[in-house]
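Reader: I have a model open and want to learn how to read it. Where do we begin?
Author: With the structure on screen, then one feature at a time.

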Amino acid sequence: MQTIPNTQSFKTVDLIYSALFATLIMIGANITSFAPFLTIGGVPITLQTFFAILAGLVLGSKKGAIACTVYMCIGLAGAPVFSKFTGGFSAILLPTFGFIVTFIVSAYIAGKIAETYKTRLAYIIAALIAMAVNYILGTTWMYFAYTLWASAPEGFSFKLAWLWMLPPMPKDIILAIFAGFFAYRIQKVLKILPIK
C-alpha cells in the first residue's frame with residue numbers, strides 16, 4: 001500500500017533550518033548594534049518581524065512557528081537575544097513582549113497561506129497579513145501592559161499606542177513585501193514547500 005509522505009514531519013535538515021531562522025531573528029533584534037547606520041530618523045530598522053515572517057514563508061506554518069518559539073524560549077531562559085541584548089523571564093512583563101509572542105502567530109499565518117496558495121502574489125499577501133497581525137496583537141498587548149502592570153506615560157491611550165507604531169510601519173511594510181518576493185525565490189531553490 002502506498003503512503004503519502006507527510007511534508008510537515010521533522011527531519012534533521014528541518015531542525016537546522018529552524019535553528020538558523022531562530023538565530024536570524026536574534027540577529028535581527030539587534031542589527032543596529034552591528035550596523036548603526038540602519039537607524040533612520042531615530043527609528044531603528046530591526047529585522048525581527050522580517051525574519052519571523054520569512055521563517056513561516058520558507059519553512060511552512062508549523063516549522064516557522066517552532067523557529068519563532070525557539071527564539072522566544074532562548075530569550076526567556078536568559079540569553080540576551082531580545083532587543084537591546086536583553087533576556088530573562090522578566091522580559092515577559094515588558095510592554096513590547098507581545099510582539100515577540102506574536103512572531104509565532106505571524107509565522108504560522110504566513111506559512112499557512114504560503115502552503116495553501118503557492119504563488120508569488122500569495123507570498124506577498126501572506127507577508128503583509130502576517131505583519132498586520134503582528135502590529136495588531138503586539139500593539140494591543142502593549143496597550144494592556146501599560147494599562148494593567150507597566151508604568152504608563154501621562155495621557156497614554158490606545159490611540160497613542162498606535163501613534164507610536166506609525167514611524168516603523170512604512171519600513172515593515174516594505175520589508176514584508178520584500179520577504180514575500182525573497183521567500184518565493186528561496187522556495188524555488190530549496191523546495192521546502194512545493195510551489196507552482
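Author: Start with a term. Helices (H or I, at least four residues) and strands (E, at least two) are DSSP runs, numbered from the N terminus. Lys84 is then placed in the loop between helix 4 and helix 5. Keep in mind that this is a predicted model.

Reader: How many helices and strands does the chain have?
Author: Eight helices and two strands. Along the sequence the pattern reads α-α-β-β-α-α-α-α-α-α.

Reader: What is the average pLDDT of the chain?
Author: The average is 88, and 88% of the residues score at least 70. Residues 1–8 need care: pLDDT stays under 50 there. For that stretch the model has six contacts beyond four places in sequence.

Reader: Back to Lys84. What is its phi?
Author: Near 60°, a positive value in a residue other than glycine. Phe85 also has a positive phi, near 55°. Phe85 lies in the loop between helix 4 and helix 5.

Reader: Is Lys84 buried or exposed?
Author: The cut-offs matter here: buried means under 20% relative accessible area, and exposed means over 50%. Lys84 has 72%, so Lys84 is exposed. Phe85 has 41%, so Phe85 counts as partly exposed.

Reader: Which residue with a positive phi follows helix 8?
Author: Lys191, with phi near 55°.

Reader: What should helix 8 span, given its number of residues?
Author: Helix 8 covers residues 169–190, which is 22 residues. At 1.5 Å a residue the span should be 32 Å. The end C-alpha atoms are 30 Å apart, which agrees.

Reader: Which residues of helix 8 are buried?
Author: Lys171, Asp172, Leu175, Ala176, Ala179, Gly180, Ala183, Tyr184, Ile186 and Gln187. Across the chain, buried residues make up 46% of the 196 residues.

Reader: How do I read a nonpolar core?
Author: The general idea first. In soluble globular proteins, nonpolar side chains tend to be buried together. Here the largest nonpolar core has 53 residues. Ile53, Leu54, Leu57, Tyr71 and Phe82 touch the most other members. Helix 1 (12–29), helix 3 (48–59), helix 4 (61–76), helix 5 (97–116), helix 6, helix 7 and helix 8 each supply at least two residues of this core.

Reader: Which residues does Ile53 touch?
Author: Ala110, Ala127, Ala130, Met131 and Ala179, not counting residues up to four places away in sequence.

Reader: What share of the contacts join residues at least 24 apart?
Author: 68%, among contacts between residues at least 6 apart in sequence. Take Phe103 as a case. Phe103 is in helix 5. Phe103 is buried, with a relative accessible area of 2%. Beyond four places in sequence, Phe103 is in contact with Gln48, Thr49, Ala52, Cys68, Tyr71 and Asn134. Tyr71 is 32 residues from Phe103 along the chain, and their C-alpha atoms are separated by 9.6 Å.

Reader: Where is Ser61 found, and is Ser61 buried or exposed?
Author: Ser61 is found in helix 4. Ser61 is buried, with a relative accessible area of 1%.

Reader: How do I describe an aromatic pair?
Author: A pair of aromatic rings is described by the distance of the centres and the angle of the planes. The whole structure has 14 aromatic pairs. For Tyr146 and Trp164, the ring centres are 5.7 Å apart and the planes meet at 75°, so the pair is edge-to-face. This pair links distant parts of the chain: Tyr146 in helix 6 and Trp164 in helix 7, 18 residues apart. Trp164 is partly exposed, with a relative accessible area of 34%.

Reader: Which residues form one aromatic cluster?
Author: Tyr143, Phe144, Tyr146, Phe156, Phe158, Trp162 and Trp164.

Reader: Where is Ser157 placed?
Author: In the loop between helix 6 (120–148) and helix 7 (158–165). Ser157 is partly exposed, with a relative accessible area of 29%. The C-alpha atoms of Ser157 and Tyr146 are separated by 9.2 Å, and these residues are 11 apart along the chain.

Technical notes
Residues are numbered from 1 along each chain as its sequence is written. This is a predicted model: local features need pLDDT of at least 70, side-chain atom pairs count only at pLDDT 80 or more; totals for chains, interfaces and linings use all residues. Side-chain values use heavy atoms; hydrogens and water are left out. pLDDT is the predictor's confidence in each residue, from 0 to 100. Contact means heavy atoms within 4.5 Å. Buried means under 20% relative accessible area, exposed over 50%, partly exposed in between (1.4 Å probe, protein chains only). The expected span of a helix is 1.5 Å times one less than its number of residues. A nonpolar core is a set of buried Ala, Val, Leu, Ile, Met, Phe, Trp, Tyr and Cys residues joined through side-chain atoms within 4.5 Å. Rings of Phe, Tyr and Trp (its six-membered ring) pair if their centres lie within 6.5 Å; planes under 30 degrees apart count as stacked, over 60 as edge-to-face and the rest as tilted.
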